[in-house]
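Take a look at the model first, then we'll go through it by topic.

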Amino acid sequence: MILYIINTGFISTSYAQIFEFDEEDYYENEEEEKNIPTTTKNSEDTSTTNSKDIENKLSSSANSEDTDKETCIEDGQIESAAAVLSAVSDMNSDSYSSDFHFIKKFDKNGTLVDSWGKVGPKDGQFLHAHGITIDSTDNVYVSDAEKCNIQKFDKDGNFITKWGTKGIGAGEFLQPESMDVDSLDNIYLAEYSRKNIQKFDSNGTFITMWGEEGSKESEFKKPWGIAVDSQDNVYVSDQVLPRVQKFDSNGAFIDMWGKEGKKKGQFVHQHDITVDSNDYIYVTDGRENSRVAVFDTNGKFIKHWGSEGKDEGQFIENHGIVVDSEGNVYVADTRNVRVQKFDAEGNFLTMWG
């Protein structure tokens, strides 16, 4: 199993994500709703063999002529308030993570194995890596909130292609967030500022989009997490509206559930969402709830775990979430600055960061 992490709070296996951001800027921006136009639908252990090489690689990237700001260079360090985490199922038990400018590769227990990327405006570089996902052939897709694009890499970090630019048209972005892929490797992107969902093929060709600002069916306030089940149904969590919406692969509304509160199946401050191999839906709910909630595909509450705090199994601001092929659950916490690993029942296994 391979984990990819972006230090913005999103985690992803082949079928999951986590993302990390600048906490101070985030909470400033959250107090103001931007007046932005919206658009409607039309293995072996490698823990000791590579550590020095990895440190040198990160250091050389940070000191490159293309680098204009400091970046994290310590082995295994997760530097921002959240972490985007993406995991590829069953690949030599490795995993990947990233901060704003690096993709970091970890094994399933949190040991740093490899890394790639650096800060800059060129292909293969990042200004604010935000969302991450992986397709069926282990290509890696990373959204960038400052460059307003999606970049595609192979599993070793070699740049393949990119698409997107700043704007409000089809295939354009203002703040691209989390992503997921369907059974055909189509890419679904939650657009935080434009309040919509966009769909592309794996080469970046625009297919469709849906959603606009509001609180009715197929409307969003701050779409944050997105996940796709085995039937290519799409689930979207909203950071403002305490609900999950379910759509078919073309954006047709199917169902929604949730309301504000602290009881079972209720939400206070949703972040990411993911789906396991049995099509159970996992949602990270932060702040006063500080827990992971699990539902079936019809929105029936199954269980939740977690509480507010710094101990094992606790969260302060749980963001990204992903489930591997064995049912293990990985959660990135933006204020505790760590990733925790749980079994399928929510029992704590390990953590790093």
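**Briefing: strands and salt bridges**

β19 and β20 form a hairpin, with five residues between the two strands. Strands here (E, at least two residues) and helices (H or I, at least four) are DSSP runs, numbered from the N terminus. Keep in mind that this is a predicted model: local features need pLDDT of at least 70, side-chain atom pairs count only at pLDDT 80 or more, and totals for chains, interfaces and linings use all residues. Residues are numbered from 1 along each chain as its sequence is written, and side-chain values use heavy atoms, with hydrogens and water left out.

**The chain overall**

- DSSP gives the chain two helices and 29 strands.
- Of its 353 residues, 61% count as buried, where buried means under 20% relative accessible area, exposed means over 50%, and partly exposed is in between (1.4 Å probe, protein chains only).

**Around β19**

- Strand β19 covers residues 234-238, and five of the five are buried, so the strand is largely enclosed by the rest of the structure.
- Val 234, Val 236 and Asp 238 point one way from β19, while Tyr 235 and Ser 237 point the other way.
- β18 (residues 223-228) runs antiparallel to β19 and is joined to it by five bridges; two strands pair if DSSP finds at least two bridges between them.
- Val 228 sits opposite Val 234 in β19.
- The hairpin of β18 and β19 also has five residues between its strands, and Asp 232 there takes a positive phi near 65°.
- β20 (residues 244-247) pairs with β19 too, in the antiparallel sense over four bridges, and Phe 247 in β20 stands opposite Val 234.

**An open sheet of four strands**

- The order is β12-β13-β14-β15, with antiparallel pairing.
- β12 (176-181) and β15 (206-210) are at the edges with a single partner strand each, so one side of each has no neighbour in the sheet.
- Neighbouring strands of this sheet are turned by 20° against each other on average, direction ignored; axes are lines fitted to C-alpha atoms, for helices over the stretch in contact, and angles run from 0 to 180 degrees between N-to-C directions.
- β14 (residues 196-200) and β15 pair over four bridges in the antiparallel sense, with Ile 197 opposite Trp 210 in β15.

**Salt bridges**

- The structure holds four salt bridges, each a side-chain nitrogen of Lys or Arg within 4 Å of a carboxyl oxygen of Asp or Glu.
- One of them joins Asp 123 and Lys 162 at 2.8 Å, N to O.
- That pair links distant parts of the chain, 39 residues apart: Asp 123 is in the loop between β7 and β8, and Lys 162 is in strand β11.
- Asp 123 counts as partly exposed at 42% relative accessibility, and Lys 162 is partly exposed at 42% as well.
- Glu 317 and Arg 287 meet at 3.7 Å, N to O, in another salt bridge.
- Glu 317 lies in the loop between β25 and β26 and Arg 287 in the loop between β23 and β24, so this pair ties together parts that are 30 residues apart in sequence.
- Glu 317 is buried at 1% relative accessible area, whereas Arg 287 is partly exposed at 25%.
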